[in-house]
Amino acid sequence: MTSFSMEHGLILATIIFMLGLIGLLSRKNIVFILMSVEIMLNAAGLAFVVAGSRWSQPDGQVMFIFILAMAAAEVSIALALIILLHRKFKTLDADAAHNMRG
Amino acid sequence: MLELLWMVPALPFLGYIILALFGGRMTKGISAAVGVGMLGLSALITIVIAISFIASPPEGYLFLQTLWKWVDVAGFSPAIALRLDPVSLVFIFIITFVGFLIHLYSVQYMEEEDSTWYARFFAYMNLFVGAMLMLVLADNLLLLYLGWEGVGLCSYLLIGYWYKDPANGAAARKAFIVTRVGDTAMAIGLFILVMAFRTLNIQEILRHVPLVWPVSSQAVVITALMLLGGAVGKSAQLPLQTWLPDAMAGPTPVSALIHAATMVTAGVYLIARMHVIFLQAPEVMTIVGIIGALTLIIAGFSAITQFDIKKVLAYSTISQIGYMFLALGVGAWSAAVFHFMIHAFFKALLFLGAGAVIYALHHEQNMFKMGGVKNMLPLTFWTFVIGSASLAALPLVTGGFYSKDLILYLAFTGEHGSKLLYFAGLFGALITAVYTSRMVFLTFYGHEKTHLHNRPGPVMEVPLIILAVLSTIGGFIELPGTLGHFPLFSNFIQNILPSPGSGEGHEGIGTELMLQIVAAVVAIGGVFIGYLLYYKKPETVQNFKQTPSGQSLYKFWLYGWGFDWVYDTLFVKPIDWIAQVNKSDVIDLIYTAIAWLTRGFNRMFSFTQTGRLRWYAMGIAFGAIVAITIVVFL
Amino acid sequence: MNALFYIASVVAIAATIMVITRLNSIHALLYLIVSLLSVAVIFFLLGAPFVAALEVIVYAGAIMVLFVFVVMMLNLGPQTVEQESRWFNPKIWIGPAALSAILIAEFIYVLISHGRQNLDTRMINPKQVGFSLFSTYLLGVELASMLLLAGIIGAYHLGRRKEAVFHRYFRRPDALYERLHPKEENKIDENGLKAGDKPLSKTNVSGMKQKKSERGEL
Amino acid sequence: MSPLLQTIIITVVVLLVLMTIAANLIWVERRMLALWQDRLGPNRVGPLGLVQVVADMVKIFFKEDWIPKFADRPVFFIAPTIVIITVLMSFAVIPFAPGISVVNLNVGLLFFLAMSSLGVYSVVLGGWSSNNKYSLLGSLRAAAQMISYEVFMGLSLMGVVILAGSFNLNDIVEAQGRITWFFIPQILGFFVFFLAGIAETHRLPFDLPEAESELISGFHSEYSGMKFGMFFVGEYLGITLISSMIVTLFFGGWLGPSFLPPVVWFLLKMAVFILIFVLLRAALPRPRYDQLMSYGWKFLLPLSLLNLVVTGLVVLLLK
């Protein structure tokens, strides 16, 4: 069918991942941080699917499904935490909770 | 039937596990049923095995049962394997059978304990017997060592059974630590054997030792000395005998078990089992004999002065084990094992009898506060007298006479024997007769000083009767040349242990008869002396005690020839002193420094813990860059 | 088809850039959905229609809706946008961008240095994925299900309001009933005081009276 | 005829037919409601009031398309288009007759679910961007309701997938020709799917996101003109979509006695279900919001799981 190289798919995944990383590092708003994490997860999934498709194996897609399940669990918890944070500190600044440092 | 062998040690272990896990929730009846029942079954199986072994002996009088491989490290692979031959058969018979009688006896003796303690007692006892069986049946020295240490552990647990009294705990610790000294020596001996033969299998070692090590070579002497160290520790011989008198802190059945069936005979067993090594090192054989002779005399003198009935018996055990060592030292292996068997019967009988008296007189152990017990407990009295006669080796009718006589005869005539050892043994026999009769007269004769508290029931009396019978007829399976020459036991044992290098023919039957008469006279004389000094004219002894020299001699003997004082001065005090000096522990400073450093690093790193999410993410990203750079470009 | 891949890639990257630069979280979320949809297109082109559909159903259709839902629930006003613009200035994002640039450079170097690997985009149908999922990766499926269960419980526990806030009159469950059907000693007088209550101030006449009666009892 | 041209023709035809159906549904619904409620309904414009639709169209097109000052403009624009796009995209995978479908996608069913899950955004964003508290409440309700019911919708269809062994809608219809119409073995699945479909299209009685009486039309209070028209048409398109999905998945699609062409069979069955939708609106009151949610989670979810398990078990046993 199509014939683009695996590198292009992986480079795309890398770029999206790095954009997510930039977002994670530069945003203060915890909702944006969480979105950046989602971007990174999605990019990782993309890399898996690309790799799986390189050898025509379903394993890459299986991994993506696991990532999906993990993302769903993570988001549900994280959003609940965001609501708690907002209720307690009246702000979405991720650094507001820095008193909880270990 | 021999295939049932594995059940012999397995059943006591099973009993231990049941009692240890569920003992707290059992009634006393169930605990006793489990504890006694397991051992009874074990004894029954042993008898079945013995019958089938004697009826149709396996090839080479050796039956091996490999259960499973224990460990396998670099070619060194000791198995969990059981080994049955005439020697171990005698031992397991004594251990299970006498052990069973002692267990049965304990059912009533320990009835005052509450149910948890009761179950604990039987659990320890079962474990004790199981460990001893493991020791005796082990096919390799590693497994033997396991049983050896198991026995040590159980003796610690049982001596300290009434641990709420600190003195009992101290006695337990003493027993544990003193035997540990010997165990360390034995471990070193095992290391040497592993180094030399790459195996701990007894059979292979015995086969290889004469081929590899020449007679009196340095290696064999050191190995034999190390094994002797272990044996001396466990068997309470000079110079490690000090723990045994203190071990009387435990309940009386425990003492009976330790002295008669288990623990202290382990050393005898070890030397008999490894006799090939000792034969290669005649110097060490001589040492064994000398240790035995010295021990039996020293312990005998100490026994004369004791006022605690159990301590008399304790010293007498040391002394009798001394006889066994003497026998081992002159190469009379079968005589040692024979004496072990007879000793097990009469010593168990004496301890249980003493226990019955103690039980009846409300835990009174001081003989000078007893007296006249003869009329109160006639059955106990008669069985005790039979046991005492056996201990004192009264001629012809007691088992003790035959076994002790065999040792003395072989010491006199044997290839490794010497006249000196013979006379030491003879002197010891005299002392034995004296303190034995002293014990009997003080306890059972005279006017009553206490009143009867409890009356021993049938559970306690049946073992006494059985043991009394055994300690009498036990001697008839080995009759000397003068009395029909019926060496059933020696012949049986000689299948596995070589006979002492003497022929009865060498010295002639006359010598033997003469020696027997001497021994008989000595024994009867001893009893007569005891009768004179402690029944007829006790004031003689009292007067002697009043003199200054008598006073100090009495003290010296009473405290076991001052060994405790010597050890205290030599080892305990210096260590105490060092501990005092080094109160703030120099080595501890190193650990403090480590802790201090760790805390410092912790402080440093805790600066990085800002609590800011993005800071951490930045750390991860930076780490990723570093890691990938390293992987890709280096 | 190649062209489609590159178009989708460009859209995905552009949308992702928009996500991380938006000030309004709903706008960012919309761009994120666009990014996810274009990734789904790429999945489809790679011969993975099953995960393409899952990407849309679960990621775009469920997880992102949850995001939108929460953002709506927080009901952020225009002042948050202002705050965002204060928080999000060049000084902040230059550092991370540099870091990421280094990482991208390294990755691309690694990918390029291994030479071109052509993709074999034969279609892998859902059945194959299902077989693989429930045979080779069965343990993973079990773990994922545990994770999801933990997620459900955790989210429920965290999201629950810790205590119900009642009006002080209704602190106790039976308080309402008591107020509606006062017992004799709890009857409230014209000053809003119960018979047993201490008066609040000395100026309260009926309170003074009560004080006197208390004294009398003493 | 090249396949590309064929696809284009089919696409155009399907679009035209759908738009016509959706538009005329307005008339149908009003007439039918009137019939059931014992009144006349629109009957003035043209014969039987059929041209009423045209009049409505004209009115909607020429109304002022007002956007509130406080609204979030771009999102306000996007929201109504999403509903139209997602619903029309869903139609692409529906086989109206053998060979008559826009694409024959092997994950067609998943595509339908994907599109219906994207449809949520229309309501949610419309409500949020209006910046009006009633709209926001409506869209919150819509988000929760549609996310919840999507779960059972997907689960209820899995029984069909197990029976047919494929996500392809063509295969599913053909499998019904071989086995039997799936509403017989999948009666529970049909039941759950039908209810979930009502909730997805937020038709009465599950129209809580717009609930005129409590939320003054909920998420589309601020909409007017053609944007409102899009929501309006989108709703009827949604009804058509769900009806045709029910027909495809449970009632044999185009299958039927051969005296009528397959397309006609399909359209007839679809019409029946559209009328049932209308009848539901006429017959049932609206439940409370919490009743809706607990009904979904506590009744429909276990039911759909039970259906799935039983179906899987039976298929395994019969194998």
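User: How many residue pairs are in polar contact between chain A and chain B?

Analyst: A polar contact is a pair of N or O atoms within 3.5 Å; within protein, one must be able to donate a hydrogen and the other to accept it, and residues adjacent in sequence count only if both atoms are side-chain atoms. Between chain A and chain B the count is zero residue pairs, with both residues required to be at pLDDT 80 or more. The largest share of the side of chain A that touches chain B comes from helix 1 of chain A, with four residues. Helices (H or I, at least four residues) and strands (E, at least two) are DSSP runs, numbered from the N terminus.

User: What conventions apply here?

Analyst: This is a predicted model, in which local features need pLDDT of at least 70, side-chain atom pairs count only at pLDDT 80 or more, and totals for chains, interfaces and linings use all residues. Residues are numbered from 1 along each chain as its sequence is written, chains are lettered from A and ligands numbered from 1 in the order in which they are written, and side-chain values use heavy atoms, with hydrogens and water left out.

User: How many residues of chain A are in contact with chain B, and what area do chain A and chain B bury between them?

Analyst: The size of an interface is often given as the accessible area lost when the parts come together. Here that buried area is taken with a 1.4 Å probe and summed over both parts. Chain A and chain B bury about 1000 Å², with 60% of it on carbon and sulfur atoms. Twelve residues of chain A are in contact (heavy atoms within 4.5 Å) with ten residues of chain B.

User: What area is buried between chain C and chain A?

Analyst: About 7200 Å², of which carbon and sulfur atoms give 76%. The contact takes 85 residues from chain C and 70 residues from chain A. Six residue pairs are in polar contact between chain C and chain A, both residues at pLDDT 80 or more. Helix 3 of chain C gives the most to the side of chain C that touches chain A, with 14 residues. By class, that side of chain C has 58 nonpolar residues (Ala, Val, Leu, Ile, Met, Phe, Trp, Tyr, Cys and Pro), eight charged ones (Asp, Glu, Lys and Arg) and 19 polar ones (the others, Gly among them).

User: What is the average pLDDT of chain A?

Analyst: pLDDT is the predictor's confidence in each residue, from 0 to 100. Where pLDDT is low, the predicted coordinates should not be read in detail. Chain A averages 83, and 91% of its residues score at least 70.

User: Is Y409(B) buried or exposed?

Analyst: Buried means under 20% relative accessible area, exposed over 50%, partly exposed in between (1.4 Å probe, protein chains only). Y409(B) counts as buried because its relative accessibility is 4%. Y409(B) lies in helix 18 (residues 399-413) of chain B. Y409(B) and L513(B) are 104 residues apart in sequence and 9.6 Å apart in space, C-alpha to C-alpha.

User: Which residues does R141(D) touch?

Analyst: Leaving out residues up to four places away in sequence, R141(D) touches L208(D), P209(D), A211(D), E214(D), L215(D) and Y289(D). R141(D) is in helix 5 (residues 133-164) of chain D and is buried, at a relative accessible area of 18%.

Key. Buried area is the accessible area (1.4 Å probe) that two parts lose on being put together, summed over both.
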